[in-house]
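Morning, everyone. I'll take you through one structure, so please have the sequence and the 3D view ready.

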Amino acid sequence: MKTNDVILQTVTKIVLFIIVLFSIYLFFAGHNTPGGGFVGGLMASGAIVLLLLAFDVKTVLNILPINYINLAGVGLFIAVGFGAGSFLVGEPFLSHAFDYFELPLLGKTELTTATIFDLGVYLVVIGVTMTIIQTIGETE
Amino acid sequence: MFEIIMLISLLLIAISSLMYIYRVIKGPSTPDRVIALDAIGINLIGITAVISVVLNTDAFLEVILLLGILTFIGTVAFSKFLEKGEIIENDRDQ
């Protein structure tokens, strides 16, 4: 029997953007308020899981042509590369720096290099979660 | 006074959660249990909101949104499993 998923698919198309925005908010809010790379990555993979639920593996692969194992590798590379980058300025492994900048629109903003490490964590969490879910879901 | 009202509402939400747990355990069919779990998730959102008022903090507001999203995804996954038997399909058109 062919089922009709119009309501689920329409709701998914709207809610997906809210979840992705919330994940990006959690990622950037992690420095001063609850949040950070881990929860942000979990929320982003939650958005992709909702897409997988409403559509199928083939469609999602068309929308997001990402190899999630490679994504986890890129995240690890960013995190470790950030840690090794502090050797260039003669600091210990994983030490970070911050400074205040005058950005257009945002005004005085504190930019830290810890965000780069968090970006690595974010990508690793998305990659690992989606790899687990897809390998379990694809077996027939 | 305000504190007492908040604690009373916490007690009421807790009692309603207990009744949902009774429905989860006793529920004659699986959809009953899924709906009861969904409602428990919504009750958890209420408990988190009331507790963040009692503790006078805004650190839990992310938790509320997160619980809402997770409850929705969990209920959709359960419903799809009940309807089709598989949660993630390979190809929808066949």
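Let's start with a lysine. B:Lys84 is partly exposed, with a relative accessible area of 28%.

Some ground rules. This is a predicted model, where local features need pLDDT of at least 70, side-chain atom pairs count only at pLDDT 80 or more, and totals for chains, interfaces and linings use all residues. Residues are numbered from 1 along each chain as its sequence is written, chains are lettered from A and ligands numbered from 1 in the order in which they are written, and side-chain values use heavy atoms, leaving out hydrogens and water.

Back to the lysine. Which residue forms a salt bridge with B:Lys84? The partner is A:Asp5, and the closest N and O atoms are 3.4 Å apart. This pair crosses between chains: A:Asp5 sits in the segment before α1 (6–29) of chain A, and B:Lys84 in helix α3 (residues 61–84) of chain B. Helices here are DSSP runs (H or I, at least four residues), and strands are too (E, at least two), numbered from the N terminus. A:Asp5 counts as buried, at 12% relative accessibility. A salt bridge needs a side-chain nitrogen of Lys or Arg within 4 Å of a carboxyl oxygen of Asp or Glu. Searching the whole structure gives one salt bridge over all chains.

Now the interface. 28 residues of chain A are in contact with 20 residues of chain B, contact being heavy atoms within 4.5 Å. How much area is buried between the chains? About 2100 Å², and carbon and sulfur atoms give 65% of that. Buried area is the accessible area (1.4 Å probe) that two parts lose on being put together, summed over both. B:Ile88, B:Asn90 and B:Arg92 supply 32% of the area chain B buries against chain A, more than any other three residues.

Last, the records. In an unreviewed entry, UniProt places "transmembrane region" at residues 6–22, 34–54 and 60–82 of chain B. Such annotations may be inferred rather than shown by experiment; names are shortened, and positions use the numbering here. Residues 6–22 of chain B are 100% helix and 0% strand, with end C-alpha atoms 25 Å apart. Residues 60–82 of chain B are 96% helix and 0% strand, and there the ends lie 33 Å apart, C-alpha to C-alpha.

Methods: Buried < 20%, exposed > 50% of the residue type's maximum accessible area, 1.4 Å probe, protein only.
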